[in-house]
Amino acid sequence: MKALKSDPAKTMLTITTGFLVFFVVFKHDWLFKVALIAGLIGVFSTFLSEKVEWFWMQLTKILGYIMPNVLLTVVFYVFLFPFAVLARIFGGPDALKLKNKTASVYRESNKKYTPASFDHPW
């Protein structure tokens, strides 16, 4: 994996901007105070900016392991599972031919192939 270039000032600006956006949306005073503190740390203290950036990167690593699983679980149970249940309840014929009702799985096809049939195979 390629190592990221460290830029504590940009990280602090990003954190400040994020808290300001949350302040505009949710109207909680503490969000503005945290944004102000983060902005001041980013401007006046390189040492603290590096420490905050290290913590932020550790947090992103942890979230990088957790969030894909959460998102895939939500997609599965909100979209795919209900669709599968409805297809099972109201499903008509076996569209994928998963139920073997005959002695053989061979299907005879009496299609006449021409050279034009092979132009766009997909």
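Predicted model: local features only at pLDDT ≥ 70, side-chain atom pairs only at ≥ 80, totals over all residues.

## First stop: L86

Select L86: with a relative accessible area of 46%, this residue is partly exposed (buried means under 20% relative accessible area, exposed over 50%, and partly exposed in between, using a 1.4 Å probe and protein chains only). L86 sits in helix α3, residues 46-90 (helices are DSSP runs of H or I with at least four residues, strands are runs of E with at least two, and both are numbered from the N terminus).

Residues are numbered from 1 along each chain as its sequence is written, and side-chain values use heavy atoms, with hydrogens and water left out.

## Helix α1

Next, select residues 8-26. This is α1, with 19 residues, reaching 27 Å from first C-alpha to last, close to the 27 Å expected at 1.5 Å a residue (the expected span is 1.5 Å times one less than the number of residues). Colour P8, T11, M12, I15 and T16: in α1 these are buried. Looking down the axis of α1, its buried residues fall within an arc of 135°, so they line one face of the helix (the arc is that of the directions from the helix axis to the C-beta atoms). Which residues are exposed on the other side of α1? They are K10, L13, T14, V24 and V25.

An α-helix has 3.6 residues a turn, so residues three or four places apart point the same way.

## Helix α2

Now pick residues 29-44, helix α2: its 16 residues reach 23 Å from first C-alpha to last, close to the 22 Å expected at 1.5 Å a residue. Inside α2, L31, A35 and A38 are buried. Those residues cover an arc of only 65° around the axis, which puts them on the same side of α2.

## Rings

Show the aromatic side chains: the whole structure has six aromatic pairs. In one, the rings of F23 and F32 have centres 5.4 Å apart and planes at 45°, so the pair is tilted (rings of Phe, Tyr and Trp, using Trp's six-membered ring, pair if their centres lie within 6.5 Å; planes under 30 degrees apart count as stacked, over 60 as edge-to-face and the rest as tilted). Finish with F76, Y77 and F81, linked into a cluster by ring pairs.
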